[in-house]
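Subject: Structure for you to look through

Hello,

The sequence and the structure are below. Please open them side by side and keep them open while you read the notes that follow.

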Amino acid sequence: MSEINIGRLKEKCENCSKQQCSKKQSKEGPGSLQEKAVANGEVSEPHQVQQILLSSCLSCEGCLSEEESQRISQQNLEEFKKVLSLNERCDASKHKVLVVSVCPQSLPFFAVKFCLGIPEATQKLCAFLKSLGIHHVFDSTLAAGFSILESQREFVQRFRRRHHDLHALPMFTSSCPGWIRYAERVLGSLVTPHICTAKSPQQIMGSLVKDFFTQQQKLTPGKVFHIVVAPCFDKKLEAVRDEFFNSLLESRDVDCVLTSGEIFQLMEERKVTVESLDSVPLDHVFGEADEAGLVRHEGRGSEGFLEHIFKNAAKELFGFEVNEIVYKTLRNRDFQEVSLERDGETLLHFAAIYGFRNIQTLVHRMRKGRVPYQLVEVLSCPGGCLGGRGQAEGEGGRADKILSQQMEEAYSSLPVRLPEMNPELQRLYHDWLEGQDSPRTLQVLHTQYSQQEQPQTLPPHIQCRRFPTEQIKHLKLYSQLNEYIF
């Protein structure tokens with residue numbers, strides 16, 4: 001395993017709530033946490049309930065196969081540096097064309113770190129990446145637009161067949177890989193038929209780069225090395241899924257995922273200052289430089305799937321034009337509802353549920369058959385994608401609330417543009433996908449999710465992971481605790 005992965009693993013053990021575990025680690029060595037507590041005269045309660053993030057449960061990596069572990073271990077700064085170095089050393093015929101796609105939720109992180117507005121910070125980031133040897137730098141908002149449009153269309157179809165299809169509703173969003181992993185490996189058939197089949201923005205961007213863009217540049221997919229800068233470590237899990245590997249072309253849609261924090265770490269290692277960087281505009285998948293201003297989709301800390309789907313469904317199904325959505329906060333800011341009513345009848349009832357504890361509450365209700373929602377936007381990180389652990393973590397593995405608030409303010413400063421109003425999306429539907437309802441659109445922009453078995457054995461070179469059965473018991477324990485708490 002890489003140093004970064006080992007460091008992450010130690011951090012997970014430190015944040016894990018499992019009290020009796022001989023495999024726990026810390027930076028000070030096994031058992032040091034307990035010894036330190038005793039030395040300070042403190043005795044922790046054996047059954048104290050701690051706040052758990054979904055990513056914390058998954059990141060012990062007990063649910064990963066050996067092959068997946070190997071793929072993920074290659075997604076770090078050291079491997080990225082090797083790719084850059086290889087391009088510098090080898091002859092031109094063996095060069096890889098290096099392409100970086102930056103997630104919209106990563107841009108506020110750099111804006112806050114650089115003390116600049118998002119447009120200015122984005123150009124500085126682009127300049128830094130190109131100084132490393134990157135050939136093209138894209139913003140993946142275009143791919144997010146595809147994901148939103150396909151999710152909108154799928155929800156309307158599911159709603160219309162809800163009376164004769166038990167799995168039509170509720171529909172769960174599919175852009176969060178931590179949530180998807182949990183649904184497939186732990187919840188299984190209870191949830192997987194309800195997950196929207198639209199690919200996440202990351203993987204649609206992978207298809208755009210490895211399919212459309214390579215055609216435009218007259219390149220083969222294997223000639224391109226595609227890196228995604230994302231706010232979340234779990235995006236590395238998504239990139240190595242089997243269905244996102246083209247066996248004929250022997251190429252992945254996304255070759256490497258680096259978090260915003262890892263890129264910033266690289267800047268610090270190289271002692272690069274913001275003042276020393278030029279301002280370089282982003283590139284465009286159509287080949288020209290992107291001089292247009294940056295935009296965002298609706299939603300306070302994510303791609304805004306709920307808001308876009310809600311407004312579209314209100315118009316398509318009931319003829320309502322919804323200009324502003326009013327949220328009703330339930331348990332906390334990460335558990336909110338929105339409804340559309342007519343003459344006392346509830347026509348649409350959606351929910352935004354972020355963070356592991358809220359997800360567990362949702363799952364408990366679903367087991368009891370008490371889910372009143374037609375759509376749920378599910379994200380494993382509290383606060384949404386802006387709160388991804390790859391950029392919003394402070395010291396000790398805890399969320400940096402001040403940084404998160406600053407990123408949210410920066411993100412909300414960008415203008416909103418509906419994906420329906422983006423002519424480039426319509427152009428791509430026509431030129432690349434042969435129409436919105438074509439078989440090619442279904443093939444390129446959609447996937448399937450189903451129950452998956454836990455691997456039966458752990459990789460021999462990783463001894464500090466919990467066994468899958470222990471992990472499942474751990475998750476069940478927290479389900480029971482949440483049932484008691486809530």
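The chain has 18 helices and 11 strands. Please keep in mind that this is a predicted model. Of the 486 residues in the chain, 56% are buried. If you take the contacts between residues at least 6 apart in sequence, 75% of them join residues at least 24 apart.

The two sheets

Strands of a sheet pair through backbone hydrogen bonds, and the pairing can be parallel or antiparallel.

To see where they line up, look for V228, which stands opposite V257 in β7.

The other is an open sheet of five strands in the order β3-β11-β10-β9-β8, and here the pairing is mixed. At its edges are β3 (171-172) and β8 (328-329), each pairing on one side only. Strand β9 (residues 335-342) and strand β10 (residues 345-354) run antiparallel, with eight bridges between them. A pair to look for is F335, which stands opposite I353 in β10.

Helix α5 and what it packs against

Two packed helices are described by the angle between their axes and the distance between the axes. For helix α5 (residues 77-89) and helix α12 (residues 260-269), the angle is about 65° and the axes are 11 Å apart. The crossing of α5 and α12 is right-handed. On the α5 side, the contact is made by L77, F80 and K81, which meet E262, Q265, L266 and E269 in α12. Sorted by class, this contact has three nonpolar, one polar and three charged residues.

Helix α6 and the residue after it

How many of the eight residues of helix α6 (residues 107-114) are buried? Seven are, and the helix is mostly covered. The buried residues are L107, P108, F109, F110, A111, V112 and F114. The elements that cover them include strands β1 (97-102), β2 (136-139) and β4 (224-230), along with helices α7 (118-132), α12 and α15.

Just after α6 comes C115, which lies in the loop between α6 and α7. Is C115 buried or exposed? C115 counts as exposed because its relative accessibility is 69%, and the cut-off for exposed is over 50%.

Two other backbone details

K271 is another residue other than glycine with a positive phi, here near 55°. You will find K271 in the loop between α12 and α13 (305-318). With a relative accessible area of 70%, K271 is exposed.

The peptide bond from L169 to P170 is cis, and its omega is near 0°. P170 is in the loop between α8 (141-160) and β3.

E420 sits in the loop between α15 (401-412) and α16 (423-431). Why does E420 count as partly exposed? The reason is its relative accessibility of 33%, since partly exposed covers what falls between buried, under 20%, and exposed, over 50%.

Leaving out residues up to four places away in sequence, E420 touches L149, Q152, N312 and Q426. One of these, L149, is 271 residues from E420 along the chain, but their C-alpha atoms are separated by 7.4 Å. Another is Q152, whose side chain makes a polar contact with the side chain of E420 at 3.1 Å.

That is the end of my notes.

Regards

Note on methods: Residues are numbered from 1 along each chain as its sequence is written. This is a predicted model: local features need pLDDT of at least 70, side-chain atom pairs count only at pLDDT 80 or more; totals for chains, interfaces and linings use all residues. Side-chain values use heavy atoms; hydrogens and water are left out. Two strands pair if DSSP finds at least two bridges between them. Helices (H or I, at least four residues) and strands (E, at least two) are DSSP runs, numbered from the N terminus. Axes are lines fitted to C-alpha atoms, for helices over the stretch in contact, and angles run from 0 to 180 degrees between N-to-C directions. A crossing is left-handed if the near helix is turned anticlockwise from the far one by less than a right angle, and right-handed if clockwise. Contact means heavy atoms within 4.5 Å. Ala, Val, Leu, Ile, Met, Phe, Trp, Tyr, Cys and Pro count as nonpolar, Asp, Glu, Lys and Arg as charged, and the others, Gly among them, as polar. Buried means under 20% relative accessible area, exposed over 50%, partly exposed in between (1.4 Å probe, protein chains only). A polar contact is a pair of N or O atoms within 3.5 Å; within protein, one must be able to donate a hydrogen and the other to accept it, and residues adjacent in sequence count only if both atoms are side-chain atoms.
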